[in-house]
Amino acid sequence: MAQQLLMPKATAIWLVDNTALSFDQIAQFCKLHPLEVKAIADGEAAQGIKGLDPISTGQLSRDEIARGENNPAYKLKLSEPKVRVPESKRRGPRYTPVSKRQDRPNAILWLVRNHPELKDAQISRLVGTTKSTIEQIRERTHWNAANLTPMDPVTLGLCSQIDLDMEVEKAAKNRPLPTAAELGATLQSAQETERLTPSFEREEEKEIDADAVFAKLKSLKSSTKDEDGDDRY
């Protein structure tokens, strides 16, 4: 992987302000045009950008700057990085170790049962298999279908939990909304509930007739006296 300078414009600003390097040297080192470096020195370009010290970032040494200042024809060179960052590999079919390839059918069966929304291409990316194998397991025509046991591919080490969650999330976004029949019983709308009369609502109180109440009390007292008179005999 070719080594590249971090934040070229910010580095150019720092070199213009803090060194005696020529515009051509700074332009060559920062991969800029000499006129752009001149505009930076004149304050016509890169306004508001804070300069970045390439010495503190380990991309240029003081000795290298001194060589360039003493020789206008000298071309600055990036310092060797102390830590090598591995180059990211191009995404392709997932490689599955030979020791784990026998577990792939079980992982495919688990994915088919627990995440039916996943497409064949997504399952293929997760466990590194082919679409024909996935189709055989779906239709139970796989040569070892009778002996397959659904097993979590994350537990088997065929994929990471993050990769699985990402694929499930992608499939959920593309999945159509469920119909009313699939949802079954649903909540009633606000308009329907507003028309309903609550069962706990109190009945309207009837007007009280005072004469009827006193007449009822008198009848109760007279009946009580009669009962007391019968007990004496």
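Reply: This is a predicted model.

Me: Which residues is Thr-19 in contact with, leaving aside its neighbours within four places in sequence?
Reply: Thr-19 and Ala-66 are 47 residues apart in sequence, yet their C-alpha atoms are 8.8 Å apart in space. With neighbours within four places in sequence set aside, the contacts of Thr-19 are Trp-14, Ile-65 and Glu-69.

Me: Do the buried residues of helix 4 lie on the same side or on opposite sides of the helix?
Reply: Helix 4 spans residues 62-70, and Glu-64, Ile-65 and Gly-68 are buried there. They cover an arc of only 100° around the axis, and therefore they lie on the same side of helix 4.

Me: Which residues are exposed on the other side of helix 4?
Reply: The buried residues in helix 4 are Glu-64, Ile-65 and Gly-68. On the other side of this helix, the exposed residues are Arg-62, Asp-63 and Asn-70.

Me: Which helices do the buried residues of helix 1 pack against?
Reply: Helix 1 has the buried residues Ala-10, Thr-11, Ala-12, Ile-13, Trp-14, Leu-15 and Val-16. The packing of helix 4 involves this element too, as the buried residues of helix 4 pack against helix 1 (8-18) and helix 2 (23-30). For the buried residues of helix 1, the partners are helix 2, helix 3 (34-41) and helix 4.

Me: Is Lys-31 buried or exposed?
Reply: Lys-31 is in the loop between helix 2 and helix 3. Its phi is near 60°, a positive value in a residue other than glycine. The relative accessibility of Lys-31 is 70%, and the cut-off for this class is over 50%. Lys-31 therefore counts as exposed.

Me: At what angle do helix 5 and helix 7 pack?
Reply: Helix 5 covers residues 104-114 and helix 7 covers residues 131-138. Helix 5 passes helix 7 in a right-handed crossing. Their axes are 10 Å apart, and the packing angle is about 65°.

Me: How do the residues of the contact of helix 5 with helix 7 divide into nonpolar, polar and charged?
Reply: From helix 5, Pro-105, Ile-108, Leu-109 and Val-112 meet Thr-133, Ile-134, Ile-137 and Arg-138 of helix 7. The residues of this contact divide into 6 nonpolar, 1 polar and 1 charged.

Me: What arc do the buried residues of helix 7 cover around the axis?
Reply: In helix 7, Thr-133, Ile-134 and Ile-137 are buried. These residues are on the same side of helix 7, because the arc they cover around the axis is only 100°. An α-helix has 3.6 residues a turn, so residues three or four places apart point the same way. The arc in helix 7 is 100°.

Me: Which helices do the buried residues of helix 7 pack against?
Reply: The buried residues concerned are Thr-133, Ile-134 and Ile-137. They pack against helix 5 and helix 6 (120-127).

Me: What is the relative accessibility of Arg-140?
Reply: Helix 7 is followed by Arg-140, whose phi is positive, near 60°. Arg-140 lies in the loop between helix 7 and helix 8 (153-156). This residue counts as partly exposed because its relative accessibility is 44%.

Me: How far apart are the C-alpha atoms of Cys-159 and Arg-125?
Reply: Cys-159 lies in the loop between helix 8 and helix 9. At 7% relative accessibility, Cys-159 counts as buried. Along the chain, Cys-159 and Arg-125 are 34 residues apart, while their C-alpha atoms are separated by 9.1 Å.

Me: Which residues does Glu-167 touch, not counting residues up to four places away in sequence?
Reply: Glu-167 is found in helix 9, residues 161-174. Its relative accessibility is 6%, so Glu-167 counts as buried. Not counting residues up to four places away in sequence, Glu-167 touches Leu-118, Gln-122, Arg-125 and Leu-126.

Me: What percentage of the residues in the protein chain is buried?
Reply: The protein chain has 12 helices and 0 strands. Of its contacts with a separation of 6 or more, 61% join residues 24 or more positions apart. Among the 233 residues of the chain, the buried share is 26%.

Note on methods: Residues are numbered from 1 along each chain as its sequence is written. This is a predicted model: local features need pLDDT of at least 70, side-chain atom pairs count only at pLDDT 80 or more; totals for chains, interfaces and linings use all residues. Side-chain values use heavy atoms; hydrogens and water are left out. Helices (H or I, at least four residues) and strands (E, at least two) are DSSP runs, numbered from the N terminus. Buried means under 20% relative accessible area, exposed over 50%, partly exposed in between (1.4 Å probe, protein chains only). Contact means heavy atoms within 4.5 Å. The arc is that of the directions from the helix axis to the C-beta atoms. Axes are lines fitted to C-alpha atoms, for helices over the stretch in contact, and angles run from 0 to 180 degrees between N-to-C directions. A crossing is left-handed if the near helix is turned anticlockwise from the far one by less than a right angle, and right-handed if clockwise. Ala, Val, Leu, Ile, Met, Phe, Trp, Tyr, Cys and Pro count as nonpolar, Asp, Glu, Lys and Arg as charged, and the others, Gly among them, as polar.
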